Amino acid sequence: MILHALSQPGQPGYPWLVFLHGFSGDHREWLPIGQQLAAYPRLYVDLPGHGGSSNIATQGFDEFSQQLTQTLAAWAISEYGLIGYSLGGRLAWYFASQQPVGLCGLVVEGAHPGLQELAQRQLRRQNDARWAARFRHQPLSEVFTDWYQQPVFASLTPAQRQALVDLRRHNQGHTLAAMLEATSLAAQPDLRATAESFPFPFYYLCGENDDKFRALAAETTATIQLIDNAGHNAHRDNPAMVAGCLAQFFVNLTSRIPYENR
């Protein structure tokens, strides 16, 4: 199944940049960043249950990896860097752990590497089930008002919270619920060790005020870049710095690609 995506052209000889948004977002989430990387052809993918892919379901991480592979093939993308935020980062990390042909760099932002204890997984499964039930049966404005009160979003101001509620309430609750269950952190493998064998660069972006994910990032072998004056959604809080970090990273990435393949 091919996922909906928006593409933007770049210059010859540059690898594609493929962007995956977070839970309840869509392809527009990364546009302000990608537009500052105009030398690269860019593909902004709508995750299953979101945006233009709202009518597409997935059963979990393996099926999503197949869907992304088919989507890349449909766009004839052979060499690319993969960038994912939060849920999109977890999906990107799992996809990269399969070491797909053509992937030449991975960047995740605020992405959980995975739970390590069975008890943690059980609690997370129960928590996600409660949220999924709310997404299915309650007005989204009410659900997102509570969603953005979670500790991970503590750095948001009241105005920022309301802006996100207004933006996210236009989703379809039942498709968000299905995606939340299918890609629950409870179902995700622990990905920490996978990065040790990556044959490509791996960067982890994290807001300096995102204490939880700063600690998680430190448990990985990724190269960590802290984003100033930012919380969990670093690319929204400080888009200029995130775009600058990606530009520097992908300058190095481009230099790794053999000239005859550019």
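This is a predicted model: local features need pLDDT of at least 70, side-chain atom pairs count only at pLDDT 80 or more; totals for chains, interfaces and linings use all residues.
Which residues in α4 meet which residues in α5?

**View 1. Packing of helix α4 against helix α5.** Helix α4, which covers residues 118-137, packs with helix α5, residues 140-147, at an angle of about 150°, and their axes lie 8 Å apart. Because angles over 145 degrees count as roughly antiparallel, α4 and α5 are described as roughly antiparallel to each other. The crossing of these two helices, α4 and α5, is left-handed. From α4, the residues W131, R134 and F135 take part, and they meet L140, E142, V143, F144, D146 and W147 in α5. Sorted by class, the contact of α4 with α5 holds six nonpolar and three charged residues, with no polar residues.

**View 2. Crossing of helices α2 and α3.** The axes of α2 and α3 come within 10 Å of each other and cross at roughly 80°. An angle from 65 to 115 degrees counts as roughly perpendicular, and α2 is therefore roughly perpendicular to α3. On the α2 side the contact is made by F61, D62, F64, S65, L68, T69 and L72, while α3 contributes R90, L91, Y94 and F95. By class, seven nonpolar, two polar and two charged residues make up the contact of α2 with α3.

**View 3. The largest nonpolar core and the surroundings of W93.** The largest nonpolar core has 55 residues, of which L82, W93, L106 and F135 touch the most other members. Helix α3, spanning residues 87-97, gives the most to this core, namely seven residues. When its neighbours within four places in sequence are left aside, W93 is in contact with L106, V108, A111, H112, P113, L191, R192, T194, F198, F202, Y204 and T220.

**View 4. H50 in the loop between β3 and α2.** The loop that carries H50 lies between strand β3, residues 42-45, and helix α2, residues 61-74. H50 has a relative accessible area of 0%, and since under 20% counts as buried, this histidine is classed as buried. Leaving aside neighbours within four places in sequence, the residues in contact with H50 are H21, G22, F23, S24 and G25, together with L176 and M179.

Note on methods. Residues are numbered from 1 along each chain as its sequence is written. Side-chain values use heavy atoms; hydrogens and water are left out. Axes are lines fitted to C-alpha atoms, for helices over the stretch in contact, and angles run from 0 to 180 degrees between N-to-C directions. Helices (H or I, at least four residues) and strands (E, at least two) are DSSP runs, numbered from the N terminus. Angles under 35 degrees count as roughly parallel, over 145 as roughly antiparallel, 65 to 115 as roughly perpendicular and the rest as oblique. A crossing is left-handed if the near helix is turned anticlockwise from the far one by less than a right angle, and right-handed if clockwise. Contact means heavy atoms within 4.5 Å. Ala, Val, Leu, Ile, Met, Phe, Trp, Tyr, Cys and Pro count as nonpolar, Asp, Glu, Lys and Arg as charged, and the others, Gly among them, as polar. A nonpolar core is a set of buried Ala, Val, Leu, Ile, Met, Phe, Trp, Tyr and Cys residues joined through side-chain atoms within 4.5 Å. Buried means under 20% relative accessible area, exposed over 50%, partly exposed in between (1.4 Å probe, protein chains only).
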